[in-house]
Amino acid sequence: MNFNLTTTPEEEAFRREVSDFLKAELNEELRRQHALDKGLGPEARAFNRKIGQKGWLGLGWPEEYGGSGGSLIYEVILIQEFARHEAHIPNEIARYMAGPTILHFGSEEMKKEFLPKIVAGEIEFGLGYTEPPAGSDLVAMQMRAVEEGDYFVIDGQKTFNTESHYADYHWLAAKTNPKGPRHESISLFVVDQRAPGIDIRPLETLGGERTNEVYYDNVKVPKSRLVGEKNKGFFYMVNALNYERLALFQMERLFPTLNRLIQYIKETRRNGVLLADDPVVRNKLAQLVVEAEVGKCLEYKALSMLLDGRIDYEAGVVKLFGSELRQRLCYKAMEILGQFGLLEEDSPWVPLKGEIARLCRASVVDTIGGGTSEIIRNITAMRGLRLPRK
Amino acid sequence: MDIKFSEEQEMIRHSARGFLTKNCPSSFVREMVQDEKGFTAELWKGMAELGWMGLIIPEENEGSGLGFLDLIVLLEEMGRTLLPGPFFSTAVLGGFTLLEAGNEAQKKKFLPPMVRGDLIMTLALNEAESLYDPGSITVAAKKDGENYVIQGTKLFVPDAHVADWIICAARTGPGGDSGEGISLFLVDGRAPGISRKPLNTIAGDKQFEVVFNQVGVPKENLLGALHQGWPPLKKVLQKAAVAKCAEMVGGGQQVLELTAAYVKEREQFGQLIGSFQAIQHHCANMLVDLDGCRWVTYKAAWMLDQGLPFETEASIAKAWCNEAYRRVVALGHQVFGGIGYMEEHDLPLYFRRARVAEAAFGDVDYHREIVAEQVLSHGVF
């Protein structure tokens, strides 16, 4: 039994290298861009390229496509340090969904075109799955891709596509066989996000992030941009298990906020007493700490299984627990802050730079996006306990 | 990183599970609730032969010299079958206190018979106005020449009726914020002046009121330094809390397995109830809660074995397990429906023992306060 993530001097050295880099390179503006817009601004893009240049975006990827080979543990260390320093993981969709899928199922031409640029941090992908009729039930999507000569002509509408306003490419799922069997009706495409016929319309969220509706009107996508085989899209989507790696650092992302809350509690007087001396506040804080540590243990166990190549329902559990914990953290923090928790970033008297108010708003989606808590519970029961579907 | 048990630990688990499945079915557990003694000599002998009492006792005292995590594996299996009897009192409370506070002569005298299964021990700590709080202990040990005389009433003493020796935490000096003035005494269970009255708890586990009426204790039975009994005892209570968590993990695992099996056979409205989302969600919640219990408990035990400071981790584990195990059993009841509410079903046994486990060695708020103090004094999580 060993709960230490890093166990060799090389791994420790790598961790320090990443940590030192982040301490030096991350500034207020970058953090802000990361927290709000996920890599929108030019500073964030430049930062991504820097990381790409260090070879950190291709950890564990084959060298022939620009990767640096190496084992999974280095990628895990990298993501953990990013989470600890509250840095957005660059090119998430590209590195965890598009990239691995192209690597395993794409044509040689596609691999050569995209993988090196992903590894260099030069291109961003946006996820294009969700539609108004297709949330948890992705197979219910209606966007159509019809073969016409050397192209697929794509029509339809995606929604809640969060990266589209800054991504270079759309990782798009569309129906190529709508009348066929459910799980053989979808294909995946790499679409130039600025292609003619694509209309991106902003949606504002409660959390303050921007997401988008993306309309496709007669968009011509070259056949060479079909990923793998036609009608195999659903299989590829389900196989993007690499995305689960991202879910595996939800816990670490909470700790900086928790630590700032602890500082606040130590420094603030309310109703005649230092918050740190108020037994009710102490009890609430302790419960958050207990749950954060439990979450971390769940996360480490899942990581341990990932490194062993045997992860199963555990990844979903980490996302489930982490998202619900984040919401509880926000509400408890709001209770502790009282009226002051209502204040937004630019308000006079705002504590913690308005982090709690913003996080409270932003965490509403945590139990919905990336797999709803309900779906995850279904999957946990079926995979973790072998409960029947019918 | 490698979060799984070693082959040796898996062997401990395997052998324990085999022995307990055979020798400790739920019918035996029920019998022992009714039985005055609460365990059988036969079972106790079998456990001693397997080396269980000596698992964490050093080899120089005839034990196996294994680590805390190894004991956790064993305790989990015991929790799974709700093993009755004074193992926890003897090996955890007695054993750890002797190891923390005993001198060489005391260890030499008491540990080998304990390892052989020839000695049962327990700890008398709580009182009417003192629950795991050294500052409010009033049972007093007065000097009598070079020896001591203990006077007062202890409560919730487990297995006092069969204990050959009772470690009594008594006040020998004035108290303070850090538990000063408490001393630990090894009291002969047959000493004149000791009387016991069984307490009837929700689980029918053997807890007692023990009255010490002018009970003489020779000076060589003082454990550790005079007035300094709390620091070692505090460590023992931390270990006991984590040990209790291990039992809770084992019990929770059995409840989950029973529940998962049930929903794959029980049909209502023409289908297996395990296919209903509400049931699936209950079961998923049980699994998540239990996984949390499991890994936080193992981590606390691992930290202890690594020599890392583990006070916060121990309290985190107990605080979590207390509430999570409660939820696991409650959801188990909800899923089983009416039959789970019947005494003839196993679930009530787990319910009752869960209540006892929750209260033992610190409830949720007790441990949260420890966590709060640690986190606020260090300023960082």
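In chain A of this predicted model, A:L206 is exposed, with a relative accessible area of 53% (buried denotes under 20% relative accessible area, exposed over 50%, and partly exposed in between, with a 1.4 Å probe and protein chains only). A:L206 is found in the loop between β6 (198-204) and β7 (210-222) of chain A, where helices (H or I, at least four residues) and strands (E, at least two) are DSSP runs numbered from the N terminus. Together with A:Y331, A:V364, A:V365 and A:I368, A:L206 forms a nonpolar patch on the surface, with about 460 Å² of accessible area in total.

Residues are numbered from 1 along each chain as its sequence is written, and chains are lettered from A and ligands numbered from 1 in the order in which they are written. Local features need pLDDT of at least 70 and side-chain atom pairs count only at pLDDT 80 or more, whereas totals for chains, interfaces and linings use all residues, and side-chain values use heavy atoms, with hydrogens and water left out.

In chain B, six of the seven residues of strand β5 (residues 182-188) are buried, so this strand is largely enclosed by the rest of the structure. Strand β4 (residues 165-171) of chain B runs antiparallel to β5(B) and is joined to it by seven bridges (two strands pair if DSSP finds at least two bridges between them), with B:W165 standing opposite B:D188. Strand β8 (residues 222-223) of chain B is also antiparallel to β5(B), through two bridges, and here B:F185 stands opposite B:L222.

Most residues other than glycine have a negative phi. In chain B, B:E62 has a positive phi of about 75 degrees although it is not a glycine; B:E62 is found in the loop between α3 (41-49) and α4 and, at 45% relative accessibility, counts as partly exposed.

Technical notes:
Patch = residues over 30% accessible without salt bridge, like charges linked within 9 Å, V, L, I, M, F, W, Y side chains within 5 Å. Areas by Shrake-Rupley, 256 points an atom, 1.4 Å probe, with all protein chains shown as cover. Salt bridge = Lys/Arg side-chain N within 4 Å of Asp/Glu carboxyl O.
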